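Biologist: I would like to learn how to read a few features of a protein model. Could we take them one at a time?

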Amino acid sequence: MRGAARAVIDTHALRHNFARARAAAPRSRIMAVVKANAYGHGIVPVARALAVADALAVARIEEGMRVRAAGIENPIVLLEGVFNAEQLALAAQQGFEIVVHSTGQLELLKLQRTAQPLKVWLKVDTGMHRLGVDPDDFVACLAALRSCPAVAQPVRLMTHLANADDASDPTSEAQIGLFERLTNGIPGERSIANSAGILAWPASHADWVRPGLMLYGASPLRDASAAGHGLEPAMTLATELIAIKTARAGARVGYGGIWQARRDTLLGVAAVGYGDGYPRAIQNGTPVLVNGRKAPMVGRVSMDMITIDLTDSPDARVGDPVVLWGKGLPVDEIAPRADTTAYELLCNVSQRVELEVI
Ligand SMILES: *Cc1c(COP(=O)(O)O)cnc(C)c1O
């Protein structure tokens, strides 16, 4: 027994989910999104497991450097591009592909003198209103990139969907339509789809798709389960029972005493808390798995511990396994209990949680 939480990372599930993305968008190449430490799964082991990916995509240059430092050779796309001349020179030296989403980044490129031209993705804002050049500026930005010696031709073209998780929201069709009108007849590879686009919006598949969440086995769609799309959880957040005791009827449990035993209650204490990324905001009664069977978490989440009502698991012993999410307990079922998403729960698994790659 170790008395600590760990995250078991299942490389078979990662590869299986990658194959689901391949099957869903069979004519597209895949840039596997491994930003934010591969959504908490460990950027290096995930990048290694997904060696079949046509490219890897990260948000920031430091993430790309971590992947390269591990000896991983796949093409790497910087989804937010570069923000100063040093980063641009480093990106050029490493052969990273960069997204250009602003005129400031365009100016950097114009000043750059590189031996080796960079592959550039021009990102246009088709309705998300976050990153991307304005549709009115698209033609001028493209022209500027075309006359830039530091840029490999043809320039690649991309946009990002704002509401693809909702299959009934008309925004996605409008975004895809605008992107097609803007880029019609222009040479160069195109990319639109995130995980939700891959599963719900075939018109968004284009030359390259950019799956993130689905690779990790959570559902990118509002009204669909991950299992319904054949996805398997890549992370199982697990720990152990480190103590078992009885709370007498009327006893208040944990900080603030927010939960009170109605009757004499067998309580388990498990070694996981908000210091591990199990959210403090999670509701009383959220299920955990004790020896594979559901039991409710009760009382307030502490930094290092939670308490569990073991009334229905009377055989539980100290050292027995507790699963917070993952195999047998989809993270998509847990996230709403903390008023959040699978994205945030997975990313928030903290540094002290050991990743056990299987
Ligand atoms: C994070 C990100 C993705 C992946 O999104 P998922 O919803 O996790 O599939 C794709 N494209 C861009 C630009 C991103 O920032």
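Modeller: We can begin with a loop. His129 sits in the loop between strand S6 (120–123) and H7. Helices (H or I, at least four residues) and strands (E, at least two) are DSSP runs, numbered from the N terminus. This is a predicted model, in which local features need pLDDT of at least 70 and side-chain atom pairs count only at pLDDT 80 or more, while totals for chains, interfaces and linings use all residues. Residues are numbered from 1 along each chain as its sequence is written, and side-chain values use heavy atoms, with hydrogens and water left out.

Biologist: What phi does His129 have?

Modeller: The general idea is that most residues other than glycine have a negative phi, and most peptide bonds are trans. His129 is not a glycine, yet its phi is positive, at about 60°.

Biologist: Which residues does a cis peptide bond join?

Modeller: The bond joins Gln153 and Pro154, with omega about -5°. Pro154 is in the loop between H7 and strand S7 (156–158).

Biologist: How do I read the packing of H6 and H7?

Modeller: Start with the axes, which are lines fitted to C-alpha atoms, for helices over the stretch in contact; angles run from 0 to 180 degrees between N-to-C directions. Angles under 35 degrees count as roughly parallel, over 145 as roughly antiparallel, 65 to 115 as roughly perpendicular and the rest as oblique. Here the axes of helix H6 (residues 103–111) and helix H7 (residues 138–146) come within 10 Å and cross at roughly 15°. H6 and H7 are therefore roughly parallel to each other.

Biologist: Which residues of H6 and H7 make the contact?

Modeller: Contact means heavy atoms within 4.5 Å. H6 contributes Thr103, Leu106, Leu109 and Lys110, and H7 contributes Cys141, Ala144 and Leu145.

Biologist: Which residues come nearest to the ligand?

Modeller: A residue is near a molecule or strand if one of its heavy atoms lies within 4 Å of it. Of the 13 residues around the ligand, Lys35, Tyr39, Ser195, Leu213 and Tyr343 come nearest.

Biologist: How far is an oxygen atom of the ligand from an N or O atom in the side chain of Lys35?

Modeller: That distance is 2.6 Å. For Ser195, a side-chain N or O atom is 2.5 Å from an oxygen atom of the ligand. Tyr343 has a polar side-chain atom 2.6 Å from a ligand oxygen atom.

Notes:
A polar contact is a pair of N or O atoms within 3.5 Å; within protein, one must be able to donate a hydrogen and the other to accept it, and residues adjacent in sequence count only if both atoms are side-chain atoms.
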